[in-house]
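The sequence and the structure are shown first.

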Amino acid sequence: MTISIQDVSVRFGGVTAVNKVSLEVLPGRVTAVVGPNGSGKSTLFNSISGLVRLAEGSILVDGRTTAGMAPSDRVSLGIARTFQTPRFDPKENVEHAVLCGFYPRARSGLLATMLHLPWAAREEQELREGCRRILRDLNLFDLRDVPLGELSMGQVRLVEVARAIANEPRYLLLDEPAAGLSRYEQQVLADEIRRLARAGLGVLLVEHNFALVRELSEHVLVLDRGKPMLEGAPRDIEANQQFVSLYLGSTAKTH
């Protein structure tokens with residue numbers, strides 16, 4: 001079982017945003033993609049989740065090709081993701097936002113819920129209990145009734161992570177999840193990512209904060225202008241002079 005990214009290229013007009021990138025996302029492992037702004041990290045994420053088309057290469061999920069597959073169908077393969085800019089209605093409260101993440105695996109439809117059928121009511125209660133477990137894990141339970149527009153950006157990002165894992169995916173793609181988080185919130189997030197990986201989830205992490213990458217990941221791919229530059233263990237990447245030169249003057253934090 002793996003997400004296998006094989007010689008993937010993505011082009012926008014005459015610009016090659018991702019150029020011949022290969023990578024594997026394995027169950028139980030945190031894999032990180034790093035690089036300066038414009039290096040193609042988010043575009044690579046978008047190619048996996050189906051938001052952009054491949055110009056070349058292929059992406060397989062547990063041996064199944066994703067060619068021509070819509071983003072919603074990729075969710076059914078066990079892929080969940082977050083975005084650099086969280087997508088929420090600011091009037092929606094925290095609990096409802098996370099509950100929405102459970103609906104793809106809900107068995108009861110709208111009609112059954114409206115008719116108050118016993119089995120539909122039981123399922124709704126189970127989903128709500130599952131939602132509250134996740135909120136407690138991410139220290140969001142006391143905020144469950146708060147509208148998202150009243151939260152800090154760090155708290156909103158934690159809500160987005162909570163919603164992404166609600167559907168019990170096999171693979172989780174996190175696009176700069178620590179941006180805007182306080183140190184305490186970063187630690188809560190790091191603890192949750194570790195827990196998910198220990199439970200067998202394959203995590204692909206894009207993050208500017210290399211200290212967090214070093215703490216969490218076992219394998220790192222460095223992109224530069226869409227091309228793979230380095231690949232290996234975090235300690236080896238950090239010691240490489242090419243990597244140090246690439247990150248000088250960037251917003252990355254390596255300490």
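The secondary structure of the protein chain consists of 10 helices and 10 strands. The model is a predicted one. Among the 255 residues of the chain, 51% count as buried. Of the contacts with a separation of 6 or more, 69% are accounted for by residues 24 or more positions apart.

**Helix H1**

Helix H1 spans residues 41-49 and is mostly covered, with 9 of its 9 residues buried. These buried residues are Lys 41, Ser 42, Thr 43, Leu 44, Phe 45, Asn 46, Ser 47, Ile 48 and Ser 49.

Two packed helices are described by the angle between their axes and the distance between the axes. For helix H6 (residues 153-166) and helix H7 (residues 183-198), the axes come within 10 Å and cross at roughly 15°. Angles under 35 degrees count as roughly parallel, and H6 and H7 are therefore roughly parallel to each other. Their crossing is left-handed. On the H6 side, the contact is made by Gly 154, Gln 155, Leu 158, Val 161 and Ile 165. On the H7 side, Glu 185, Leu 189, Glu 192 and Leu 196 take part. By class, this contact of H6 with H7 has 5 nonpolar, 2 polar and 2 charged residues. An α-helix has 3.6 residues a turn, so residues three or four places apart point the same way.

**Leu 135 in helix H5**

Helix H5 (residues 118-137) contains Leu 135. Is Leu 135 buried or exposed? Its relative accessible area is 0%, so Leu 135 is buried. Leaving aside neighbours within four places in sequence, Leu 135 is in contact with Val 94, Glu 95, Val 98, Leu 140, Phe 141 and Arg 144. Leu 135 and Ala 162 are 27 residues apart in sequence, and their C-alpha atoms are 7.0 Å apart in space.

**Cysteines**

How many disulfides does a search of the whole structure find? The search finds 0. The sulfur of Cys 100 has its closest cysteine sulfur in Cys 131, at 9.4 Å, which is too far for a bond; a disulfide requires sulfur atoms within 2.5 Å. Cys 131 is likewise in no disulfide, the nearest cysteine sulfur being that of Cys 100. As for accessibility, Cys 100 counts as partly exposed at 26%, whereas Cys 131 counts as buried at 0%.

Lys 20 is not a glycine, yet has a positive phi of about 55°. Lys 20 lies in strand E2, which covers residues 15-25. Asn 139 also has a positive phi, near 55°, and is a residue other than glycine. The place of Asn 139 is in the loop between H5 and H6. With a relative accessibility of 44%, Lys 20 counts as partly exposed, and Asn 139, at 43%, counts as partly exposed too.

The table lists relative accessibility for individual residues discussed above.

| Residue | Relative accessibility | Class |
|---|---|---|
| Lys 20 | 44% | partly exposed |
| Cys 100 | 26% | partly exposed |
| Cys 131 | 0% | buried |
| Leu 135 | 0% | buried |
| Asn 139 | 43% | partly exposed |

Note on methods: Residues are numbered from 1 along each chain as its sequence is written. This is a predicted model: local features need pLDDT of at least 70, side-chain atom pairs count only at pLDDT 80 or more; totals for chains, interfaces and linings use all residues. Side-chain values use heavy atoms; hydrogens and water are left out. Axes are lines fitted to C-alpha atoms, for helices over the stretch in contact, and angles run from 0 to 180 degrees between N-to-C directions. Helices (H or I, at least four residues) and strands (E, at least two) are DSSP runs, numbered from the N terminus. Angles under 35 degrees count as roughly parallel, over 145 as roughly antiparallel, 65 to 115 as roughly perpendicular and the rest as oblique. A crossing is left-handed if the near helix is turned anticlockwise from the far one by less than a right angle, and right-handed if clockwise. Contact means heavy atoms within 4.5 Å. Ala, Val, Leu, Ile, Met, Phe, Trp, Tyr, Cys and Pro count as nonpolar, Asp, Glu, Lys and Arg as charged, and the others, Gly among them, as polar. Buried means under 20% relative accessible area, exposed over 50%, partly exposed in between (1.4 Å probe, protein chains only).
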